[in-house]
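These are my notebook entries on one chain. I set down what I looked up, entry by entry.

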Amino acid sequence: MYHPFSPHQRARDGLFGLQAAYRLQRHVPAGHRDFWGRVRIGAAHTCWPWTGGLSQKGYGLFQYMTFTERAHRVAWELTRRCQIPRGMVVMHICDVRACCNPYHLRLGTLRENTLDMYQKGRGHDQRGESSNRAVLTWEQVRTLRATWAAGGVTKEQLAAQLGISRSHVHNILMGRYWREPQAARA
Ligand SMILES: [Zn+2]
């Protein structure tokens, strides 16, 4: 079985994951070391908590230079050696948000993740954070639009997923916020 943390495997992997994902080519070696140095790596069946900072929602936050990403997403990309496909999210099988064990991470759609969250009764704990002050990224906005275009999900679910209000989701989908550069030119 592929094990990303044997010295042998690490040497063979090189730094592909971070390089592809974040285009920090010059700084990748340090970034790669920094990342796994902050994960409490254990056995394959246990959770590997992120020992660095956490987001308000309890996800590990990997900060490197000017770049910030949720740690489990970095863990997924580093170990799968590819970027998270557009429109997909990295889900925790174990429900431990700070966990970076690649065996506990799987790819899913935003819709799957939202349903999973509701089924496990976690849909409500984000209500208080539903505010337009939430900072989104372009990646999240594009995922949001792609998910909406694919159908089968409500604006409320998308809002809960991102921790923003339904009207904010609506405005993003209408193109009032987060206008794509090419759309602005057209
Ligand atoms: Zn875990």
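**Entry 1: α5 and α7**

Which residues in α5 meet which residues in α7? I found Leu110, Asn113 and Thr114 in α5 meeting Gln157, Ala160 and Gln161 in α7. Contact here requires that the C-beta atoms of two residues, placed from the backbone, lie within 7 Å. I note that this is a predicted model, in which local features need pLDDT of at least 70 and side-chain atom pairs count only at pLDDT 80 or more, while totals for chains, interfaces and linings use all residues. Residues are numbered from 1 along each chain as its sequence is written.

By class, the contact of α5 with α7 divides into 2 nonpolar, 4 polar and no charged residues. The nonpolar class holds Ala, Val, Leu, Ile, Met, Phe, Trp, Tyr, Cys and Pro; Asp, Glu, Lys and Arg are charged; the others, Gly among them, are polar.

I then looked up the geometry: α5 and α7 pack at an angle of about 80°, with their axes 10 Å apart. That makes α5 roughly perpendicular to α7. The axes are lines fitted to C-alpha atoms, for helices over the stretch in contact, and angles run from 0 to 180 degrees between N-to-C directions. Angles of 65 to 115 degrees count as roughly perpendicular, under 35 as roughly parallel, over 145 as roughly antiparallel and the rest as oblique.

**Entry 2: the chain as a whole**

I looked up the secondary structure and recorded 9 helices and 4 strands. From the N terminus on, the elements run α-α-α-β-β-α-β-β-α-α-α-α-α. Helices (H or I, at least four residues) and strands (E, at least two) are DSSP runs, numbered from the N terminus.

Of the 186 residues of the chain, 26% count as buried. A residue is buried if 20 or more other C-beta atoms lie within 10 Å of its own, exposed if 12 or fewer, and partly exposed in between, with C-beta atoms placed from the backbone. Among contacts between residues at least 6 apart in sequence, 52% join residues at least 24 apart.

**Entry 3: α7 and α8**

I next took helix α7 (residues 155–162) and helix α8 (residues 166–173), which pack at an angle of about 105° with their axes 8 Å apart. That makes α7 roughly perpendicular to α8. On the α7 side I listed Lys155, Glu156, Leu158 and Ala159, and on the α8 side Arg166, His168, Val169 and His170. These contact residues divide into 3 nonpolar, 2 polar and 3 charged.

**Entry 4: α6**

For α6 and α8 I recorded a packing angle of about 85° and axes 10 Å apart. The two helices are therefore roughly perpendicular to each other. Val141, Leu144, Arg145 and Trp148 in α6 meet Val169, Ile172 and Leu173 in α8. By class this contact has 6 nonpolar, no polar and 1 charged residues.

Which residues of α6 are buried? I found Thr143, Leu144 and Thr147. They cover an arc of only 105° around the axis, which puts them on the same side of α6; the arc is that of the directions from the helix axis to the C-beta atoms. The buried residues of α6 pack against α5 (110–119), α7 and α8. The face turned away from this buried side carries the exposed residues Trp138 and Ala149.

I also looked up Arg142, which lies in helix α6 (residues 138–150). Arg142 counts as partly exposed because it has 14 C-beta neighbours inside 10 Å. Arg142 and Leu173 are 31 residues apart in sequence and 9.7 Å apart in space, C-alpha to C-alpha. After α6 comes Gly151, with a positive phi near 85°.

I found α4 mostly covered, with 9 of its 10 residues buried; among them are His72, Arg73, Trp76 and Glu77. Arg81 follows α4 and has a positive phi near 55°.

Gln83 is in the loop between α4 (71–80) and β3 (88–92). I recorded 9.3 Å from Gln83 to Arg73, C-alpha to C-alpha, at 10 residues apart in sequence.

Asp95 sits in the loop between β3 and β4 (105–109). Its phi is positive, about 65°, although Asp95 is not a glycine. Asp95 counts as partly exposed, with 13 C-beta neighbours inside 10 Å.
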